[in-house]
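Hello! Here are a few friendly notes to read alongside the model. Take them one at a time, and keep the 3D view open as you go.

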Amino acid sequence: MAAWGERLAGVRGVLLDISGVLYDGGEGGGAAIAGSVEAVARLKRSRLKVRFCTNESQKSRGDLVRLLRRLGFDISEGEVTAPAPATCLILKERGLRPHLLVHDGVRSEFGQIDTSNPNCVVIADAGEDFSYQNMNKAFQVLMELEKPILFSLGKGRYYKETSGLMLDVGPYMKALEYACGIEAEVVGKPSPEFFKSALREMGVDASQAVMIGDDIVGDVGGAQRCGIRALQVRTGKFRKTGKRKRRVNLGPAHYPEVTSDNIWGSPFQMFRV
């Protein structure tokens with residue numbers, strides 16, 4: 001750890017993923033990952049600025065923060081960068097009216113957005129609402145547009161809940177891309193603009209920040225493309241290399257094009273240098 005401590009020289013801010021790093025969602029709200037509450041408290045007591053950078057799209061920021069506070073985390077809504085509010089800003093700036101294929105838990109984030117006569121589609125982790133009927137409706141809206149626009153709140157393959165692995169928005173986004181012959185605009189990790197927004201909110205440069213996540217592609221790869229150092233934890237969706245787990249592997253051996261700057265066993269080890 002001493003060698004890694006030297007590599008932290010100049011770091012002023014920490015970007016923390018939430019799902020799979022701080023807690024695993026699930027029945028009753030889920031459960032905090034061992035050591036994560038203490039890790040966040042330790043970071044908050046340090047000289048470092050902290051920003052929570054999440055692709056959560058089944059809960060509003062307010063609901064997510066209330067859940068995390070019930071689990072014992074010291075966190076406020078203003079410290080969270082999430083894709084739904086960022087998408088709303090884009091929609092307003094571009095005068096777009098979305099057809100929403102989103103979870104009911106995040107629909108309130110779009111309360112001030114005009115959804116009449118839609119000229120784009122916004123897709124998020126809709127959970128049980130990813131039915132054939134709903135996917136086909138989004139497909140029909142896009143195909144009726146002269147210049148179809150699809151926004152996706154992230155592009156993750158899957159995430160972990162206490163009951164096991166769950167499909168994320170990415171596979172459904174890819175289905176619409178394929179069917180419509182278009183490319184989605186991703187709002188959330190690994191989008192560079194998403195990371196840049198979090199850096200602006202913290203007031204630090206990319207070279208002064210470090211990202212901590214469980215996703216080698218979305219968290220680590222996305223951050224590194226912006227010049228941010230990135231660490232992967234062995235919690236959440238992380239999977240070790242091995243015959244029995246090869247199909248669901250999201251560790252560095254499965255994605256050789258992305259290499260984490262370091263790997264930690266759990267969030268409890270954060271900055272214990």
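Predicted model: local features only at pLDDT ≥ 70, side-chain atom pairs only at ≥ 80, totals over all residues.

1. Most residues other than glycine have a negative phi. Is Asn 117 buried or exposed? Exposed means over 50% relative accessible area, and Asn 117 counts as exposed because its relative accessibility is 61%.

2. The peptide bond that runs from Lys 189 to Pro 190 is cis, and its omega is near 10°. Most peptide bonds are trans. You will find Pro 190 in the loop between strand S11 (185-186) and H7.

3. Now zoom out to the whole protein chain. Its secondary structure comes to eight helices and 14 strands. The chain has 273 residues, and 51% of them count as buried. Among contacts with a separation of 6 or more, 67% are between residues 24 or more positions apart. The accessible surface is about 12,900 Å², and carbon and sulfur atoms account for 49% of that area.

4. Next, the largest pocket, with a volume of about 660 Å³. It is lined by 37 residues, and those closest to its centre are Gly 156, Tyr 158, Tyr 159, Asp 168 and Lys 237. Strand S9 (158-161), helix H6 (170-180) and helix H8 (216-224) each contribute at least two lining residues. By type, the lining has 16 charged, 13 polar and eight nonpolar residues.

5. Finally, the second largest pocket holds about 340 Å³ of space. Of its 18 lining residues, Ala 86, Leu 89, Val 187, Glu 193 and Ser 197 lie nearest the centre. Strand S5 (80-81), helix H4 (83-94) and helix H7 (192-202) each give two or more residues to this lining. The lining divides into nine nonpolar, five charged and four polar residues. Domain 1 (2-81 + 190-271) and domain 2 (83-187) each supply at least three of the lining residues.

Note on methods: Residues numbered from 1 in each chain as written. Heavy atoms only, no water. Helix = DSSP H or I, 4+ residues; strand = E, 2+ residues; numbered from the N terminus. Buried < 20%, exposed > 50% of the residue type's maximum accessible area, 1.4 Å probe, protein only. Contact = heavy atoms within 4.5 Å. Areas by Shrake-Rupley, 256 points an atom, 1.4 Å probe, with all protein chains shown as cover. 1 Å grid on protein atoms, 1.4 Å probe; cavity = no way out; pocket = protein on both sides within 12 Å on 5 of 7 lines; lining within 4 Å. Points joined across faces, edges and corners; volume = space filled by probe spheres on them. Nonpolar A, V, L, I, M, F, W, Y, C, P; charged D, E, K, R; others polar. Domains from an automatic or database assignment.
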